[in-house]
Amino acid sequence: MRRCTRFTSVVVFLMVCAALVSVINVFLRTKLHIAYGPASGLYFIGYRSRGDLSLEFCQAVPDLLVGRLNIDLGAALKSPPPPALQDVLVGGAWSPKICVARQRIAIIIHFRDRQKHLDILVYNLIPVMKRQKVSFRIFVVEQYGNKTFNKGRLMNIGFTEARKHGEFDCFIFHDVDLVPEDDRNMYTCSENPRHMSPAVDKFNYTLPYKALVGGVLSIKAEHFFKINGYSNLYWGWGAEDDDLHKRLLASKISVDRPPITIGRYKMIKHDRKDVSQVRLQLLKTAKTRYLKDGLNTLEYKLVETRLEKLYTRIIANVGDPPKNQTEYPKTDVGDPPKNQTEHPKAVLDNPPTNLTEYSKADEGDPPKNQAEYPKAGVGDPPKNQTEHPKAVLDDPPKNRTEYPKADEGDSPKNRTEFPKADVGDPKSNQTENPIANVGDPPKNQTEHPIAVLGDPPKNRTK
């Protein structure tokens with residue numbers, strides 16, 4: 001009897017748990033159904049699409065993949081659009097209907113004034129992702145205005161705004177001018193960030209250097225938060241992707257790549273404008289700066305979010321670039337100094353004015369009319385003097401080129417060398433008398449070095 005009671009209790013407990021799971025399942029699906037729309041299919045992994053529990057997960061590598069593709073860059077400009085693009089929801093969202101996608105992907109494309117390139121990319125990219133059976137939504141992040149381009153800020157804005165439109169398992173940052181040439185290159189995230197474009201036709205399908213992560217990069221949100229996103233300081237073209245690689249290294253996050261034979265892309269020709277003048281100097285501080293420059297310091301103004309046929313267009317004002325700046329490698333503050341060419345180690349509010357080189361100066365005002373005066377430690381430097389490094393007197397001697405060891409009050413007049421004099425006043429009209437120690441020297445005598453008598457003889461030469 002007791003065994004039967006225990007068995008009944010266990011059965012009842014399991015039935016209650018099953019009912020709770022069912023209620024939670026319906027609740028979550030209802031919220032996602034409202035958030036994404038009735039046919040988007042963007043639901044949490046682990047739940048079958050819209051209540052149909054018979055659907056299985058999509059294959060990790062679907063059978064529909066064809067491998068190497070023949071890319072026609074001009075086909076995208078033709079109309080009407082092909083059938084492969086017609087079932088994409090407004091805003092650029094799509095999800096498979098015959099299986100449950102393993103990942104939900106946010107494609108983030110930075111953009112300005114290159115509509116033809118964008119049309120070519122989405123025309124070729126969407127069929128690839130549909131054959132891969134991934135749920136995706138495309139976000140085009142456009143910089144407002146015509147000021148200097150800032151790719152890093154647009155990538156951070158795209159990541160931030162995309163998360164407002166739903167939950168995504170993977171974020172893929174995509175250059176607008178790279179078109180995939182092989183659909184076996186999966187648009188998903190792996191355990192580590194993955195540089196998806198190691199082989200570009202412009203570089204003869206070879207990796208230019210090992211630190212390259214630009215072009216197409218897939219990364220999970222947790223890793224993007226850990227590296228604090230992209231840097232916001234790179235105005236103009238160049239080095240923001242290399243900065244990101246240094247952030248990954250500093251965070252001890254490895255980067256994966258597909259084989260060269262699969263990670264192939266065709267680049268649409270374009271001109272590079274507004275090359276960054278400080279990119280190499282900023283790159284030197286990437287590892288020490290990344291925790292205070294990125295997502296946590298991102299500032300922008302959202303101008304418009306517009307749902308278009310094949311993507312969600314996000315237009316944002318990223319702010320103003322610094323003015324009149326050529327080189328500022330070690331900056332870690334909000335705005336760089338103005339009207340400055342090179343001042344990498346400055347930590348003051350304003351850099352010194354009209355100074356070419358004065359590295360060790362620690363006085364108030366530098367000396368005037370002096371070419372080199374590195375060790376001066378007195379108030380005012382001597383006047384009309386070329387070199388006087390060891391002077392420690394109040395007033396330097398006048399009308400003399402070199403007088404390094406003087407330690408008397410007033411130096412003798414009209415004499416070229418008198419280094420060892422230790423008497424009060426030297427004799428006039430005398431050239432050399434270094435060891436005289438008597439009262440008055442003899443008159444009309446040229447040399448008398450050892451005289452010790454009271455009065456020397458008169459009219460004698462030696």
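This is a predicted model: local features need pLDDT of at least 70, side-chain atom pairs count only at pLDDT 80 or more; totals for chains, interfaces and linings use all residues.
# A guided tour, starting at a disulfide

Select Cys 170 and Cys 189 to begin, and look at the bond between their sulfur atoms: the torsion about this S-S bond is about 75°, so the disulfide is right-handed. In it, the sulfur atoms of Cys 170 and Cys 189 are 2.0 Å apart. The pair links distant parts of the chain, since Cys 170 sits in strand E4 (residues 170-174) while Cys 189 sits in the loop between strand E5 (178-180) and strand E6 (194-195), 19 residues apart. If you display the surface, are these two cysteines buried or exposed? Cys 170 is buried, with a relative accessible area of 0%, and Cys 189 is buried as well, with a value of 9%.

Next, select Cys 58 and Cys 99. A search of the whole structure finds two disulfides, and here Cys 58 and Cys 99 form one, with their sulfur atoms 1.8 Å apart. The torsion about the S-S bond of Cys 58 and Cys 99 is about 90°, so this disulfide is right-handed. Cys 58 lies in the loop between helix H1 (2-36) and strand E1 (93-94), and Cys 99 lies in the loop between E1 and strand E2 (104-111), so the bond ties together parts that are 41 residues apart in sequence. Both Cys 58 and Cys 99 are buried. With bonded cysteines counted along the chain, the disulfides follow the pattern 1-2, 3-4.

Now move to helix H2, by selecting residues 115-131. This helix has 17 residues and reaches 25 Å from its first C-alpha to its last, which is close to the 24 Å expected at 1.5 Å a residue. How many residues of H2 are buried? The count is 12 of the 17, so the helix is largely enclosed by the rest of the structure. Among the buried residues of H2 are His 117, Asn 124 and Lys 130, along with Leu 118, Ile 120 and Val 128. To see what surrounds them, show the strands E1, E2, E3 (135-143), E4, E5 and E11 (312-317), against which the buried residues of H2 pack. Beyond the helix, select Lys 133, which follows H2 and has a positive phi, near 60°.

The last stop is Leu 233, which you will find in the loop between helix H4 (221-226) and helix H5 (240-250). Leu 233 is buried, with a relative accessible area of 18%, a value that counts as buried because the cut-off is under 20%.

Conventions:
Residues are numbered from 1 along each chain as its sequence is written. Side-chain values use heavy atoms; hydrogens and water are left out. A disulfide is a pair of cysteine sulfur atoms within 2.5 Å. Helices (H or I, at least four residues) and strands (E, at least two) are DSSP runs, numbered from the N terminus. Buried means under 20% relative accessible area, exposed over 50%, partly exposed in between (1.4 Å probe, protein chains only). The expected span of a helix is 1.5 Å times one less than its number of residues. Contact means heavy atoms within 4.5 Å.
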